[in-house]
Amino acid sequence: MKRFLFLCLILMVPLAGFAQRTITGVVVDENNITLPGVNVTIKGTFTGTATDRNGSYTIDVSEGSVLVFSFIGYKTLEVTYTGGPTLNVVMEPDMIGMDEVVVIGYGTTTRREVTGSVTSVKSDRFITGDLQTPMSAIQGIVPGLSIVSTDGSNPNAEHTIRLRGLNSFSGGKSPLILVDGKVWNLPLSIIDTESIASIDVLKDGSAAAIYGTRATNGVILITLKEPVKGDVQFQFSSFVSLQQVNNDDRWFSADEYRDLVAQYDPGRASFLDRGASTNWLDETTRSPLNQSYSLSMTGGNNSLNYRSNIMLKDNQGLFFDNYSRIVTPSIFVSQTGLNNRLNVDYKLLYSNARRRYQPGGMLGQSLIRNPTEPVYDPDNESSNGFYTSFDTSGYTNPMAMTEESNSDGTENYITGDFNASFLILDGFTANFHGSYTASQTNNGSYLTKHYPRVGYTGDASRTSNASHYFSLEPTLQYRFSFGDHNFQTMAGYSFYEYVGSSLYGRNYNFDTDNFLYNNLGAGQALVDGFASLSSGKESNRLIAFYGRAMYNYKFKYLLSASLRYEGSSRFGANNKWGVFPAVSLGWRLNEEAFMQNITWVNNLMIRAGYGVTGNQDIPNYQSVPRMTVGPKMFYDGRWINSYQSANNPNPDLKWEKKAETNIGIDFGLFNRLNGSVELYNRTITDLLWWYNVPVPPNVFNSVYANVGEMRNRGVELMLDGSVLQRTDFSWNSTLIYSMNRNEVTKLADPSRGYELDFIRMTAAATTWAQMIRVGESIGNFWAPIYLGVDEQGRAIYEDVDGDGTVRRETVEDRRIVGNEYPDFEIGWQNIFRYRSFDLSFSLRGVFGHSLLNRDRIAYENWEPFKAGRNVLKSILDRPEYTGPYAYDSRFVDEATYVKLSNVTLGYNLRWGGQNMLRLYLSGNNLLTITKFEGTDPEKVIPGFNTNTESFGSDNLWYPYSRTFVLGINFNF
Amino acid sequence: MKKIKILLIGLLAVLSVHSCTDLDETLYSTIGAEEWYRTEEECLRAMGSAYGSLRYRGTSLWGWLATEVLTTDEAVIPLRNIGASLSNEGIWIMAQKHDFEPNLDYFWASWEVCFNTIARCNQVIYLIESSPAQFEGKPKMIAELRTLRAFVAYKAMDLFGNIPLPLDFLDTSLPVQLTRAQAFEIIERELLESAPLLDPILTSKTYGRCIQPVAHTILAKMYLNAEKWIGVPKYDQAIAMCDNIINGGSYSLETNYFRNFSANNQGSRENIFVIPYDRLTGFGFQMHMYTLPTTLLPKFNYQSTWSWNGIVAMPTFYDLYHPEDSRIKSFEFGPQVDRNGNPAIGLDGTQLDFTNTVSSILGAAEDEGVRCFKWEFPEGLSGWQSMDNDWSVFRYSDILLIKAEAIMRKNGGVANQTAVDLVNQVRQRAFGNSDHNYTTATLTMEELLNERGRELAWEGHRRQDLIRFGKFGDAWFEKPAWTSNHKELYPIPPRVLAANPNLQQNTGY
């Protein structure tokens with residue numbers, strides 16, 4: 001209490017009483033070249049400025065204050081002002097980056113103080129080129145972080161992101177992403193990569209645990225560039241890029257197809273050979289030009305500063321009429337007041353995305369189409385001049401699909417932040433962060449009466465989804481030091497709410513195609529009682545209390561501990577709340593006396609951490625017994641609604657929890673090589689899974705329950721150094737390596753006593769490809785072993801258990817033929833600089849995994865050929881096989897690959913301090929080396945397939961492309 | 001200023017106490033289970049949901065139509081040389097040739113429709129019993145649900161033999177596998193107990209529901225098969241159950257056989273239990289999709305641009321019909337015309353002409369095989385809409401034939417005059433005269449099976465009949481003969497076995 005009174009007293013001391021004067025100065029580097037953009041702040045206050053294009057600054061300061069000069073790539077400099085009108089300083093380059101700001105969640109710290117496993121990537125290290133989302137900018141740079149495009153070059157797709165393997169069966173598997181402290185629920189592609197200052201990845205449990213129930217998959221913190229004080233500065237960036245479809249020559253061309261018919265089915269040549277020669281992929285795709293523009297302005301006076309930004313991105317798809325057009329204006333205003341004790345940030349971002357989608361299955365239809373079929377058939381009026389052929393479902397002219405349909409959408413996003421910090425006394429800050437995010441997406445789809453097999457005279461639908469996210473986070477932060485003891489503490493409360501609603505309407509049989517989906521009521525199906533209409537709404541809440549304390553002695557011995565107590569509405573009544581503790585320790589050896597003579601060691605730190613996180617990313621309402629509208633019942637001559645229970649409720653549903661131990665070593669050697677090694681062990685308990693239960697006693701075939709445990713262990717390595725450093729020439733290289741091993745350690749709920757179900761994948765007859773078993777890794781492909789064919793051409797399989805009967809569906813007659821998850825991944829990035837030129841390239845490699853090749857399963861047998869479709873040329877490897885398509889050991893492919901993901905050549909011009917012009921040429925996804933017999937091994941994500949997927953053309957989604965970029969950056 | 005601050009702090013405090021730790025879930029598009037079953041109307045609506053699976057899977061080619069029709073000598077789905085083909089990677093050929101792989105979807109669907117319905121019945125029975133709503137019809141409603149449950153259990157027992165059959169919703173232990181005899185006994189008991197409580201007469205409110213004659217029909221069919229299934233002949237009981245229905249007066253033979261299968265067959269006096277269908281209810285009874293070639297769709301003004309040209313009558317089965325038998329029109333033979341009477345043109349440019357041939361299961365011409373026109377094709381369907389015809393699960397003519405068969409079997413497989421009279425009722429209706437009537441000499445067991453085939457073609461009785469007559473293992477078309485009887489039961493789907501370790505796969509699989 002005494003202490004509190006003391007604090008109050010201090011508060012009342014008017015800071016303005018100290019004598020202030022305005023001083024100026026120039027900041028230069030070690031070569032006496034002026035440095036523009038250096039941050040100059042008065043320690044312990046929000047007062048600050050930045051150097052202008054001539055490297056000079058002006059600031060109001062009182063005697064005895066400490067001025068802090070910070071700039072990326074330079075050691076932070078603290079200078080006590082002792083009087084005089086000028087203060088010029090020289091900044092030294094920082095090869096090791098010990099003063100680099102690291103964002104750690106609810107605050108920042110410096111590289112020097114970090115004890116968790118945190119990788120920070122500043123914008124100057126971002127990969128350039130035509131980036132689909134900002135995550136492309138750090139692809140292959142952060143060890144343990146996999147960022148893949150699972151949907152090819154689809155302009156409307158986002159990346160799939162995984163950190164340190166797979167850490168959930170059925171819950172969310174993506175890292176939590178925050179932008180300036182706010183959970184980001186919107187597409188990342190709407191963020192302008194040029195507006196990002198840094199991306200920090202919290203990898204281990206001890207670093208991530210402050211985010212509790214959402215942190216199991218790691219946390220990615222995106223920090224936007226802040227306003228810079230002074231005269232207005234402009235940053236303009238733009239590029240155009242040309243995409244080129246990666247060819248898929250696994251399929252027969254028209255001539256080859258005719259040879260195939262002549263050799264294998266000459267009797268039906270009249271049916272199989274339709275007389276034309278068409279390269280369907282050439283017909284349906286194009287080489288589009290993409291454009292992107294970004295312009296930002298920043299400036300302000302000492303108390304009010306702003307940064308405004310606008311991004312325009314026009315991505316044309318590889319298919320016709322397929323695009324995404326995104327416009328994102330944003331504004332960031334920062335106000336300092338109350339004698340520099342109050343800092344208020346307002347941020348507002350609006351984004352509008354207009355998208356047009358290719359018809360579903362376009363790529364598949366382009367590949368499996370009989371190459372002897374013509375595209376057009378001018379005499380066919382009912383198909384509007386498109387050639388049609390009869391087949392079962394799933395075989396339609398892709399050009400007709402494109403021309404006779406229209407599927408597009410508009411998305412509007414708005415997100416605003418209010419962030420107030422009040423400096424109660426030196427080092428003690430109260431912080432209030434509130435944010436609101438709304439998204440509204442409207443999609444419409446129309447199929448004309450000529451759309452292949454539509455069956456209606458026009459089919460229109462509209463979908464509308466609205467989501468609202470609201471969060472409130474007051475925190476208190478206190479930083480202080482006693483002698484060499486440094487403390488940094490934080491405590492807070494968090495409230496987060498989501499409300500989502502949807503509306504869907506569909507009608508068909510229109511009198512004209514002119515309305516598209518814009519006059520839904522005009523369709524005859526509504527009158528006839530066949531139109532559909534549905535709506536829904538759901539919500540969930542997260543509430544948390546949390547705190548963190550960091551301590552170090554001379555930055556030599558470091559300790560950090562955090563605790564989060566958090567509850568989610570999604571879980572069962574008795575398990576709503578969870579506790580998520582974390583602790584980590586660090587020891588900086590190079591500060592010890594015995595290391596002082598070893599001058600080639602610039603930095604050596606050993607870290608160890610332990611943290612518990614949760615995963616609440618599951619569907620809403622799984623724990624509550626609910627009733628919903630059931631099938632219609634015929635009663636007294638009319639159809640009325642019946643009502644039925646909606647789920648097998650599980651009131652015992654609780655968090656998936658992950659406990660992670662992480663040991664890391666950071667090192668800096670010879671003033672030119674930085675690196676770190678991380679070892680981790682993750683144990684995930686109470687894994688959630690939809691598993692099969694008998695019906696009855698259950699009403700549904702599956703229940704969502706906590707059923708198992710698994711472990712992920714791994715090693716990560718990062719080396720980052722300057723290989724060569726000459727006056728005119730330099731070569732910097734970054735190498736990352738990561739490996740992860742998984743083991744399922746426990747399964748099934750003893751109180752129920754059921755085995756966990758398999759992962760299922762379907763042909764027309766259901767089969768399964770993977771199985772989760774105790775003691776094994778997830779992702780194992782179990783397949784019947786193909787031995788050859790009998791005299792009738794049907795497959796012979798190995799009788800693995802030797803009991804005389806081959807039961808292909810049972811695990812006893814299958815073997816593990818591969819695993820879906822990689823043994824290890826490598827990333828290698830290089831930057832060469834010669835005078836004004838720079839050249840960089842990035843290689844990514846993923847090794848030792850296998851993929852189920854669905855194309856081969858469906859199109860490496862004679863059935864589709866008999867039906868008049870194209871098939872894979874590899875059918876000729878085993879032409880004697882006459883069976884239907886089947887899942888067996890033939891179709892699990894090794895998928896190791898190495899990709900040249902980026903090459904960039906740049907030319908940089910600098911003049912007059914701040915002014916900079918950069919021109920670059922860049923190529924993305926230029927080369928892939930792999931044995932995988934598919935279009936691209938990146939296509940199929942190491943996901944965790946819980947659905948029953950259909951084989952065949954549906955799984956060929958979108959082509960990959962090479963991209964060539966011509967870009968410009970202009971700062972003035 | 002100070003006042004405002006105090007006010008603000010107070011407001012914050014109130015807000016935080018009220019909502020800062022509130023994590024109750026709010027439901028919007030569904031309702032909490034405790035908010036249902038409060039009135040008779042709500043109990044009725046809940047009961048209706050138990051019938052839902054029947055409509056979805058009951059007539060599906062991926063359900064009972066595959067396991068009860070396609071595996072017999074009634075029907076075949078050949079691959080087509082030209083045009084649409086219902087191939088599905090050979091699963092229909094496997095059905096026809098009795099290559100029964102346990103993981104085939106139609107086994108799962110056939111199982112699921114039964115056990116999903118049983119589970120829902122268990123739940124709804126429990127919830128109605130424990131509902132605070134008190135109303136007069138409650139015992140009858142529960143008896144109806146027990147009968148529905150017994151119906152699907154009877155189906156499951158017929159298809160899979162050794163089934164689990166838990167009847168208590170609160171018992172959540174793993175169900176145990178019963179022998180066929182045990183299951184038989186439980187189903188019989190359930191039906192005998194429920195039947196007296198049920199409505200004896202069909203009304204518009206009980207149409208498509210399990211009333212007393214439905215319970216009696218199930219029992220009649222079970223007793224007829226009892227000797228085959230559990231080794232105990234129960235022909236007297238079968239006759240008694242048939243008599244209950246025959247003397248009950250609710251049902252009689254329609255003069256026109258096809259009245260029972262018309263698009264608007266609700267008024268049929270012959271259909272004892274139906275699964276009601278309507279195009280409004282969406283996916284359901286898709287015979288038009290299964291059997292018609294795409295080129296014939298315009299004749300019925302269908303908006304679909306494709307159909308499967310799949311299932312056709314087995315040529316040997318079609319041959320069973322006498323040319324004067326009106327039921328031969330169940331299958332369409334010969335040249336086809338369009339809506340205007342002009343020739344309907346096939347894909348090869350010639351007139352569609354349905355022949356009673358199927359060259360090969362691996363390759364038939366577009367118009368090979370006679371098509372199922374038994375269920376009148378309603379006009380103007382589109383897309384995946386169901387046909388409007390209600391599917392008759394049990395029919396009065398079946399009752400007459402069951403009684404005749406029970407009499408004959410009791411009589412050492414020989415017909416007496418009572419049996420002949422019963423069969424002749426059916427026969428005379430079919431021919432419109434008595435010229436083709438049986439005598440005690442001509443009505444052999446073999447002839448009775450054929451007559452059942454003709455009368456009940458494609459209605460889902462053939463498999464049971466062939467098994468009862470010991471003919472399911474015979475060779476027909478491209479199906480080889482088998483002698484090991486294990487194929488008289490289907491394999492239990494692997495995912496069912498995986499979910500319940502108490503269950504053993506049927507022998508031979």
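How many Å separate the centres of domain 1 and domain 2 of chain A, taken over C-alpha atoms? The answer is in the legend to View 1.

This is a predicted model: local features need pLDDT of at least 70, side-chain atom pairs count only at pLDDT 80 or more, and totals for chains, interfaces and linings use all residues. Residues are numbered from 1 along each chain as its sequence is written, while chains are lettered from A and ligands numbered from 1 in the order in which they are written.

**View 1. Two domains of chain A.** Domain 1 covers residues 20-90 and domain 2 covers 101-228 of chain A. These bounds come from an automatic or database domain assignment. Taken over C-alpha atoms, the two domain centres are separated by 32 Å.

**View 2. A three-stranded sheet in chain A.** The strand order is β4-β1-β7 in this open sheet of chain A, and the pairing is mixed. β4 (56-62) and β7 (89-90) of chain A are the edge strands, each pairing on one side only. Strand β1 (residues 20-28) of chain A runs antiparallel to β4(A) over 7 bridges. A:Ile23 stands opposite A:Ile59 in β4(A). Two strands pair if DSSP finds at least two bridges between them. Strands of a sheet pair through backbone hydrogen bonds, either parallel or antiparallel.

**View 3. Chain A as a whole.** Chain A has 10 helices and 48 strands. Helices (H or I, at least four residues) and strands (E, at least two) are DSSP runs, numbered from the N terminus. The C-alpha trace of chain A spans about 100 × 65 × 65 Å along its principal axes. A compact globule of 972 residues would have a radius of gyration near 30 Å; chain A has 31 Å, which agrees. That radius is taken over C-alpha atoms, and the globule rule is 2.2 Å times the number of residues to the power 0.38. In chain A, 47% of the 972 residues count as buried. A residue is buried if 20 or more other C-beta atoms, placed from the backbone, lie within 10 Å of its own.

**View 4. The side of chain A that touches chain B.** Here 65 residues of chain A are in contact with 75 residues of chain B. Contact means C-beta atoms, placed from the backbone, within 7 Å. β30(A) gives the most to this side of chain A, with 9 residues. The residues of this side divide into 31 nonpolar, 20 polar and 14 charged. Nonpolar covers Ala, Val, Leu, Ile, Met, Phe, Trp, Tyr, Cys and Pro; charged covers Asp, Glu, Lys and Arg; the others, Gly among them, are polar.

**View 5. Strand pairing between the chains.** β30(A) pairs with strand β1 (residues 31-32) of chain B in the antiparallel sense, over 2 bridges. A:Arg626 stands opposite B:Gly32 in β1(B).

View 6. Chain B has 17 helices and 9 strands. Its radius of gyration is 26 Å, close to the 23 Å of the globule rule for 509 residues, so chain B is as compact as a globular protein of that length. Of its 509 residues, 55% count as buried. Helix α6 (residues 105-129) of chain B has 25 residues, which should span 36 Å at 1.5 Å a residue; its end C-alpha atoms are 35 Å apart, which agrees. The expected span is 1.5 Å times one less than the number of residues. Because 22 of the 25 residues of α6(B) are buried, the helix is largely enclosed by the rest of the structure.

Definitions and conventions:
A residue is buried if 20 or more other C-beta atoms lie within 10 Å of its own, exposed if 12 or fewer, and partly exposed in between; C-beta atoms are placed from the backbone. Two residues are in contact if their C-beta atoms, placed from the backbone, lie within 7 Å.
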